[in-house]
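Look through the structure below before reading on.

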Amino acid sequence: MRMKLDPMTVYGFAFLVFLYAPVLLIPLFSFNDSTVATFPMKGFTLNGYRLMVNDASLMNALKNSLIVGIGVSVVSTAFGMLAAMGATRYALPGKGPVMGTIMLPLVVPSLIVSIALLVILRKVFDVPLTLWTVAAGHVLVCVPFSMLVLIARLEGFDKGLEEASNDLGESAWMTFWRVTFPIALPGIVASLLMCFTISFDEFVMAFFLSGTDQTLPVFLYSQLRFPNKLPPTLSLGSSILAASIVIVIVSEWLRRRGVQTSKPGAF
Amino acid sequence: MAVAEPGAVSGWTAVNGRWGTWLRRREWARGYLLMSPTLLVMVAMLIVPMIALVIMSFWTQTVLEIDRTFTLENYWHLIEPAGEGDEIPTWMGIPFPLKRAVYVVLLLKSILMSLSATVAVILLAYPMAYFLAFRVKRHKMIWLMAITLPFWTSYLLRVFSWKLMLGFGGVINSGLMKLGFIKEPLEFLLYNPTAVVITLAHSWVAFALLPIYVSLEKIDRSLLEAASDLGDRPWERFLRVTLPLSLPGLISSALLVFIPTVGDYVTPTLVGGPSGIMVGNAIQTLFYRVNNIPLGSALSLVMMLLVTLLVCLFLWAVGYRKMQQRAT
């Protein structure tokens, strides 16, 4: 990597430091042998991690988050796939407003969406707040992302392949599984992973729409208020960060790989 | 199309009768049929609650019940002028002669804080996007990934990390004390509007960088050469060619930050303290603690309308439509 050390390059690296330094404090202090996050640092310890693993309510929240995340990613990707297929292969009159409706959760503050949903669920339908309501809220947030990822994957998709499959006597359903699905697969996997991370990290919806069963971010938030709970909280935060980063890198790699080989013949 | 149609039709032979024939003839109907489950979910879970919010904002909350007669009382409640002998609150030296100035002040304050965060984000992101588009020749993907990666990690944790950073016993204070620059911790770092603006800017800068980067990357390099050949200095060339051509990206970035931050809840709650709360906190309080859903609905709607209005006004003022036409 040959780069001159001009002001721009210095700025580039300074920017990365600004971006990462605050976030990296969480893993840094998670190994610090102290109940407060201050300099100078004390010795190295894994005590926070030990407390974290032994915390039953934390593990329960983790389990809830995994269940919700997996369910949400599958359901959102299914909805995203349907919308992406409709949007990419048919000339639709009024496509703008329809796409706008699906993208709406990206611009409406999630606080307002979740409160509006909460009022409807509680006051109108009297639905108890459970992980189901959290998942419903998360699906709403994830579908636009899933659709965008899948549209990118399906754009430039050769319609002739599906037509050939139809001509050769496959039903529409089998054509989907044998032609469309394999071609869209990298996008589908990327969408699954992306929706999982969004759901796994989402706080506002989960905060307002959860009942007694908390998801991990809601649990984390409840712990942030207690200073003596700092070590396990930092360990939990570090673990969440590490998991998110791994998932994002894998999903991004899949997505880019998918885009580069988007010519269907290149498999 | 005529060639493609028979193939597409055979897939639909399973659908029989009139309905099937009707569908076969209309491409758009098949498209919408395919999209209908997604649309249905979005309408049921987003549009319906939003309409409910609008309807409820015209109701009123009595002590225990909700009065369902149509009234504009909630909206009036937000802007009712102060009566005789009421204390007139001021914000930043400006008097607000309203009975309950807190809502209007909070709305204005939230918009001002969001605007500050937006300006901060643009100032931070533009040079970085420029660096990526024009200076980074190799490993561009790695740079881009390194920048966007934090955006996909927990928002809650990124906000919390600023609490560690700015807190009374936080990293900056304890670090400066250790180095001997200060004796007492600086109390003004956390729990104020500035802390909220810094945190918001940090949370959104990675995301907002992308549209600027894309618009810079698209610029035809021969235009830059032409400007240089015709005698423009680098700085002039930037102001007369690069900056105008990247304005559409810059505007998208600004909107990308401004629209969602006005109604943010997590950041002001965690790092704002009493002085740094935003309108989202008031909305939450109205729905939860005060249990005045109609007034909360009205405030939410006013906030969203205000943001929409500002965005439209801004786009109109900068002539965004014309700019986009020129860019393509």
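Chain B is divided into two parts, domain 1 (4-56) and domain 2 (90-327). This is a predicted model. The C-alpha centres of domain 1 of chain B and domain 2 of chain B are 39 Å apart.

Next comes the core. The largest nonpolar core has 150 residues, and the members that touch the most others are B:Val121, B:Ala125, B:Ala129 and B:Leu209. Helix 5 of chain B, residues 101-135, gives the most to this core, with 16 residues. Both domain 1 (4-56) and domain 2 (90-327) of chain B give residues to this core, so it lies between them. Which residues does B:Val121 touch, not counting residues up to four places away in sequence? They are B:Ala201, B:Trp204, B:Val205, B:Ala208 and B:Val257.

Helix 5 of chain B can also be followed to a partner, helix 11 (residues 234-262) of chain B; the axes of the two come within 9 Å and cross at roughly 145°. The crossing is right-handed. Among the residues that make this contact are B:Val121 and B:Ala125 of helix 5 of chain B, and B:Val257 and B:Phe258 of helix 11 of chain B. By class, the contact between these helices has 12 nonpolar, five polar and no charged residues.

The last step is the contact between the chains. Chain A gives 69 residues to the contact and chain B gives 71 residues. On the side of chain A that touches chain B, helix 1 (residues 7-30) of chain A gives the most, with 13 residues. That side of chain A has 53 nonpolar, 11 polar and five charged residues.

Notes:
Residues are numbered from 1 along each chain as its sequence is written. Chains are lettered from A and ligands numbered from 1 in the order in which they are written. This is a predicted model: local features need pLDDT of at least 70, side-chain atom pairs count only at pLDDT 80 or more; totals for chains, interfaces and linings use all residues. A nonpolar core is a set of buried Ala, Val, Leu, Ile, Met, Phe, Trp, Tyr and Cys residues joined through C-beta atoms within 7 Å. A residue is buried if 20 or more other C-beta atoms lie within 10 Å of its own, exposed if 12 or fewer, and partly exposed in between; C-beta atoms are placed from the backbone. Helices (H or I, at least four residues) and strands (E, at least two) are DSSP runs, numbered from the N terminus. Domain bounds come from an automatic or database domain assignment. Two residues are in contact if their C-beta atoms, placed from the backbone, lie within 7 Å. Ala, Val, Leu, Ile, Met, Phe, Trp, Tyr, Cys and Pro count as nonpolar, Asp, Glu, Lys and Arg as charged, and the others, Gly among them, as polar. Axes are lines fitted to C-alpha atoms, for helices over the stretch in contact, and angles run from 0 to 180 degrees between N-to-C directions. A crossing is left-handed if the near helix is turned anticlockwise from the far one by less than a right angle, and right-handed if clockwise.
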